Amino acid sequence: MNNTTYQPTKESLNTHPVPEWFEDAKFGVFIHWGLYSIPGFAPLGSLAETLKVDYDRAMLNYPYAEGYWNAIKDPNTPSAQYHKEKYGSMPYQGFQQMFIDGLKKWDPSAWAKIFSDAGAKYVVIVSKHHDGYCLWPTEVKNPHEQDWFSKRDIIGELAEAVRKEGMRFGIYYSGGIDWTFRRRISRTFMDYSFSTPGGDYPAYADAQVRELIERYHPDILWNDICWPTNQDMLFRLFAYYYDVVPDGVVNDRWKHASSSSKFMSLKPVRAALDIMIKQMLKKNPDIHSALVQPPIPHSDFATPEYTKYSDIQAKKWEMTRGIGNSFGYNRNERDENYASFETLLLDFLDAVSKNGNLLLNVGPRGEDAQIPVEQLSRLSKFGYWLKQNGDAVYGTRPWIRSAAVTETGEAIRFTTKDNHLYLMILGKLSGSKIKVKEVFIDGEACLLADGSPVMIERNGDDMVLTFTRQLDHLFAPVVLIQSMR
């Protein structure tokens, strides 16, 4: 505990600094794993494409496998057809015992080692997703679904394993949606966005998150969609959290309940908003940017999903994305459906140069609690690159500019630390010379991976870098310039 006691006011909470550890960490692993990981089924595609081509049924047919319970409520969806063939008329609740059986094969220490070896500095696990199922033995009773939690303390066991590996531990909670409290089907984006339960749910969610804070002292409190209580209760929750975890952080998905959100949840209003969004989607090709979180009175960092920024952001942020197009395990995804390691690494380096972190998701299987090999291979490649080049990432800050380009068109991203400047070249290089357009930095330079010298020469407004070794198709090499002037 520290001496600072935060008051439940915007002014007091906004004095909370983003802790250095979160600024320095850069890379975290997200885990979506729950009852939905047993069927592990969703159609292939992308959320953006589904919203564009099938908006009126988008939330039934989108590729996020964690939406399975909602999807099988309509008999005409691919998920419902799969469910009928595989499980007959079994209700979603039948997956609970299967998931518990799969836990016998779960080794939290093995997971923590995988994430640490990948170079991650923090891990965030879903404690409760939209299906309301809790991965810890909660003492807060769900009045609408009896014993809807794991008796094995998955959250506690993983927290201990992650911290033993020297990483920070965070908890995701679905505050905005819980299908055990509000069971109506969500078809459109507005159905989904404004389906936050009222009644006895706000007190339940508040009590559960306080329980999570008290038991596990999460370094990151990562809420999703929005928050069901009023602003006063939310600010009291934040103040309590910071008193328990002074160097913790909260994300930006806590838009609190208000009279306007209740109004917008009315069916005719949702229908009107759906028409507006359909129009917007026709005009805006980047759906993820169009649907960014609305600004809220207090947060430590922003969490855009599958989104890049064009320049350095003043506010700390975290790109969150899956390795594939689903967060929960989707058995339909093959190696070619996952993003390549190269794509993921370039997303990561782009984010870091612009004051961001990357929270990269894994979706383990439910039946055997294992992470699919396609996901593991990408994590291990992250680990290999970061072992050689991590100095260009960890503990760095954005430079005065984020980007440049070489004469042959490769993108460059910059980071800085102390009096070091790092040039991260986003591509495969061969030969021994590159010209960086419209940038010149004087100083001693080397290739970060092996320390081999790099000669810097001025060529008009450009900078020519000559390597003392052939680059041999090296992917994303980093040049370190020291004592820059």
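Predicted model: local features only at pLDDT ≥ 70, side-chain atom pairs only at ≥ 80, totals over all residues.
**Exercise A: the strands**

Work out in which sense β1 and β2 pair, and over how many bridges.

*Solution.* Start with the ground rules. Residues are numbered from 1 along each chain as its sequence is written, and side-chain values use heavy atoms, leaving out hydrogens and water.

Step 1: get the elements. Helices (H or I, at least four residues) and strands (E, at least two) are DSSP runs, numbered from the N terminus. Strand β2 covers residues 122-128.

Step 2: look for pairing, which takes at least two DSSP bridges between two strands. β1 and β2 have four bridges and run in the parallel sense. One spot to check by eye is F30, which faces V124 in β2.

Step 3: move on to the other neighbour. β2 also runs parallel to strand β3 (residues 168-173), with six bridges joining them. Here K128 has Y173 in β3 as its bridge partner.

Step 4: follow the chain from β2 to β3. The path goes through helix α9 (residues 154-164), and this β-α-β crossover is right-handed (clockwise from the first strand over the helix to the second, with the strands pointing away from the viewer).

Next, decide how many of the residues of β2 are buried.

*Solution.* The cut-offs are under 20% relative accessible area for buried, over 50% for exposed, and partly exposed in between, using a 1.4 Å probe and protein chains only. Seven of the seven residues of β2 pass as buried, so the strand is largely enclosed by the rest of the structure.

**Exercise B: salt bridges**

Find what K128 does with its side chain, and which residue it meets.

*Solution.* Step 1: apply the rule, a side-chain nitrogen of Lys or Arg within 4 Å of a carboxyl oxygen of Asp or Glu. The count comes to 30 salt bridges.

Step 1: pick out K128. It meets D178 in a salt bridge, at 2.8 Å from N to O. K128 sits in strand β2 and D178 in the loop between β3 and α10 (189-193), so this pair ties together parts 50 residues apart in sequence. Both K128 and D178 are buried.

Step 2: D219 is buried at 8% relative accessible area, whereas R168 is partly exposed at 25%.

Step 3: K354 counts as buried at 5%, and D350 counts as buried at 3%.

Step 4: chain the contacts together. R163, R168, D219 and D247 end up in one network of salt bridges that share partners.

**Exercise C: aromatic rings**

Work out why the pair F27 and F382 gets its label.

*Solution.* Step 1: set the rule for Phe, Tyr and Trp (six-membered ring): centres within 6.5 Å, with planes under 30 degrees apart stacked, over 60 edge-to-face, and the rest tilted. That gives 41 aromatic pairs.

Step 1: The ring centres of F27 and F382 are 4.8 Å apart and the planes are at 20°, so the pair is stacked. F27 lies in strand β1 (residues 27-31) and F382 in helix α17 (residues 373-389), so the pair ties together parts 355 residues apart in sequence. F27 is buried at 0% relative accessibility, and F382 is buried with a relative accessible area of 0%.

Step 2: contrast Y68 and F95. Their centres are 5.9 Å apart and their planes are at 70°, so the pair is edge-to-face. Y68 is in helix α5 (residues 68-71) and F95 in helix α7 (residues 95-102), so parts 27 residues apart in sequence are tied together. Y68 and F95 are buried.

Step 3: check for charges over rings (NZ of Lys or CZ of Arg within 6 Å of the ring centre and within 35 degrees of the ring normal). K121 lies over the face of Y394, 4.5 Å from the ring centre. R458 does this over F440, at 4.0 Å.

**Exercise D: cysteines**

Determine how many disulfides there are.

*Solution.* Step 1: the rule asks for a pair of cysteine sulfur atoms within 2.5 Å. The count is zero.

Step 1: take C226 as a test case. Its closest cysteine sulfur, in C134, is 17 Å away, too far for a bond. C226 is buried at 12% relative accessibility.
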